[in-house]
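User: I would like to go through this model and ask what each description rests on.

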Amino acid sequence: MANLSTKIKMYAAANGVAEVDFTKDVMLQDDSDGNGAYIKEWNLAIAQPNDAQLAEQETSANTEEANNEVKATRKALYGDIGEQLDEIYKDIDGWKARIKSIKDANPKG
């Protein structure tokens, strides 16, 4: 299940809002009953979504979270950009093969 913040970002993007600042635009709070996070404050110019509208974002939010995880894994495996440039200079074909193997092992959804 996708995080509430990701579903809100997807809902906002679908309604023309490119960025959501969770320190001023939308404030989330965890429910003390253990039911998870909920929207405590909504300060965007679009209507606050109801549960059904957030549920509609589940699939795209799951994909977004999975892709973010892949991006983070790839970034860690690629290594430092300076080292990559040195690798390219010394052996561009070896670098291409290494990057391809990382991408193949960590495909985006």
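User: Which residues in α1 meet which residues in α3?

Analyst: This is a predicted model, in which local features need pLDDT of at least 70, side-chain atom pairs count only at pLDDT 80 or more, and totals for chains, interfaces and linings use all residues. Residues are numbered from 1 along each chain as its sequence is written, and side-chain values use heavy atoms, with hydrogens and water left out. T6, K7 and M10 in α1 meet E58, S60, A61, E64 and E65 in α3, where contact means heavy atoms within 4.5 Å. The residues of this contact comprise four charged, two polar and two nonpolar.

User: Why are α1 and α3 called roughly perpendicular?

Analyst: Helix α1 (residues 4-14) and helix α3 (residues 58-78) pack at an angle of about 110°. Angles of 65 to 115 degrees count as roughly perpendicular, and α1 and α3 are therefore placed in that class. Their axes, lines fitted to C-alpha atoms over the stretch in contact, are 9 Å apart.

User: What makes β1 and β2 a pair?

Analyst: Two strands pair if DSSP finds at least two bridges between them. Strand β1 (residues 26-30) and strand β2 (residues 37-42) have five bridges, in the antiparallel sense. L28 stands opposite I39 in β2.

User: How many helices and strands are there in the chain, and why is the chain called more spread out than a compact globule?

Analyst: The chain has four helices and two strands; helices are DSSP runs of H or I with at least four residues, and strands are runs of E with at least two. The radius of gyration, taken over C-alpha atoms, is 19 Å, well over the 13 Å that the globule rule gives for 109 residues, so the chain is more spread out than a compact globule. That rule is 2.2 Å times the number of residues to the power 0.38.

Methods:
Axes fitted to C-alpha atoms, helices over the stretch in contact; angles between N-to-C directions. Parallel < 35°, antiparallel > 145°, perpendicular 65-115°, else oblique. Nonpolar A, V, L, I, M, F, W, Y, C, P; charged D, E, K, R; others polar.
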